[in-house]
Amino acid sequence: MSVTERTYIMVKPDGVQRGIVGDIISRFEKRGFKLSALKLVHATPEHLEQHYIDLKGKPFFPGLIKYMASGPVVAMVWTGLDAVKTGRVMLGATNPLASSPGTIRGDYALAVGRNICHGSDSVENAEKEIQLWFPEGVVQYTNDNEKWVFE
Ligand code: ADP
């Protein structure tokens with residue numbers, strides 16, 4: 001856990017179509033995380049298969065790739081203390097029905113196959129996903145907010 005920990009957060013096609021992008025960005029900003037990279041991208045099935053390589057072989061895999069390739073996603077990198085674990089808590093459970101109100105999925109979703117957003121599940125996977133989605137690298141800058149967010 002460190003203040004420079006990074007996580008890969010992605011608004012899925014349903015989140016983009018339903019106009020929830022701004023709210024998701026706002027939640028991460030207000031929590032105190034620093035935006036390190038952001039882009040709107042209509043990913044290819046091949047790229048998405050790479051992203052979800054660990055799930056290849058699951059019965060829902062073909063449907064997942066089709067859903068994720070059905071429209072643009074918003075790819076982001078957020079940096080801050082315990083970013084990976086805290087990001088997952090902010091997202092809620094994989095199945096929105098098991099997500100508490102106040103989480104993104106708990107506030108906006110009902111179906112596991114339309115659960116609005118993605119967040120890395122480990123620091124190792126976060127670094128892999130950041131490399132996959134931002135091979136050009138992320139933006140390095142100082143956020144003056146940090147002295148008010150961290151001790
Ligand atoms: P998470 O996104 O919470 O890390 P997983 O890595 O297990 O969860 O699954 C990746 C994505 O695959 C989920 O966010 C969801 O969109 C989809 N998914 C997972 N399980 C199912 C399922 N049983 N049916 C349909 N889609 C699923």
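## The ligand and its contacts

An oxygen atom of the ligand lies 2.7 Å from an N or O atom in the side chain of Arg88, which is a polar contact in the sense used here (a pair of N or O atoms within 3.5 Å; within protein, one must be able to donate a hydrogen and the other to accept it, and residues adjacent in sequence count only if both atoms are side-chain atoms). An oxygen atom of the ligand is also 2.9 Å from an N or O atom in the side chain of Lys12, and for the side chain of Asn115 the distance from a ligand oxygen to an N or O atom is 2.9 Å. Of the 530 Å² of accessible area that the ligand has on its own, the protein covers 74%; such areas come from the Shrake-Rupley method with a 1.4 Å probe, and for residues only the protein chains shown count as cover.

This is a predicted model, in which local features need pLDDT of at least 70 and side-chain atom pairs count only at pLDDT 80 or more, while totals for chains, interfaces and linings use all residues. Residues are numbered from 1 along each chain as its sequence is written, and side-chain values use heavy atoms, with hydrogens and water left out.

## The shell around the ligand

The residues around the ligand (those with a heavy atom within 4 Å of it) are Lys12, Tyr52, Leu55, Phe60, Leu64, Arg88, Thr94, Arg105, Val112, Gly113 and Asn115. This shell divides into 5 nonpolar, 3 polar and 3 charged residues, where Ala, Val, Leu, Ile, Met, Phe, Trp, Tyr, Cys and Pro count as nonpolar, Asp, Glu, Lys and Arg as charged, and the others, Gly among them, as polar.

## Buried serines

Ser120 is placed in the loop between strand S4 (117-119) and helix H7 (123-133); helices (H or I, at least four residues) and strands (E, at least two) are DSSP runs, numbered from the N terminus. Ser120 counts as buried because its relative accessibility is 0%, and the terms are set as follows: buried means under 20% relative accessible area, exposed over 50%, and partly exposed in between (1.4 Å probe, protein chains only). The side chain of Ser120 reaches the backbone nitrogen of Tyr8 at 3.1 Å, and a polar contact of 2.7 Å joins the side chain of Ser120 to that of Glu129.

Ser36, in strand S2 (residues 34-41), has a relative accessible area of 5% and is therefore buried. The side chain of Ser36 makes a polar contact of 2.6 Å with the side chain of Thr79.

## Two residues with positive phi

Asp82 lies in the loop between strand S3 (73-79) and helix H5 (83-91), and its phi is near 55°, a positive value in a residue other than glycine. With a relative accessibility of 15%, Asp82 counts as buried.

Ile116, in the loop between helix H6 (104-108) and S4, has a phi near 75°, again a positive value in a residue other than glycine. Ile116 counts as buried, because its relative accessibility is 0%.

Phe61 belongs to helix H4 (residues 61-68) and is buried, with a relative accessible area of 7%. The C-alpha atoms of Phe61 and Glu49, which are 12 residues apart along the chain, are separated by 8.7 Å.

Gly57 is found in the loop between helix H3 (45-51) and H4, and Gly57 is exposed because its relative accessible area is 73%. From C-alpha to C-alpha, Gly57 and Asn115 are 20 Å apart in space, and they are 58 residues apart in sequence.
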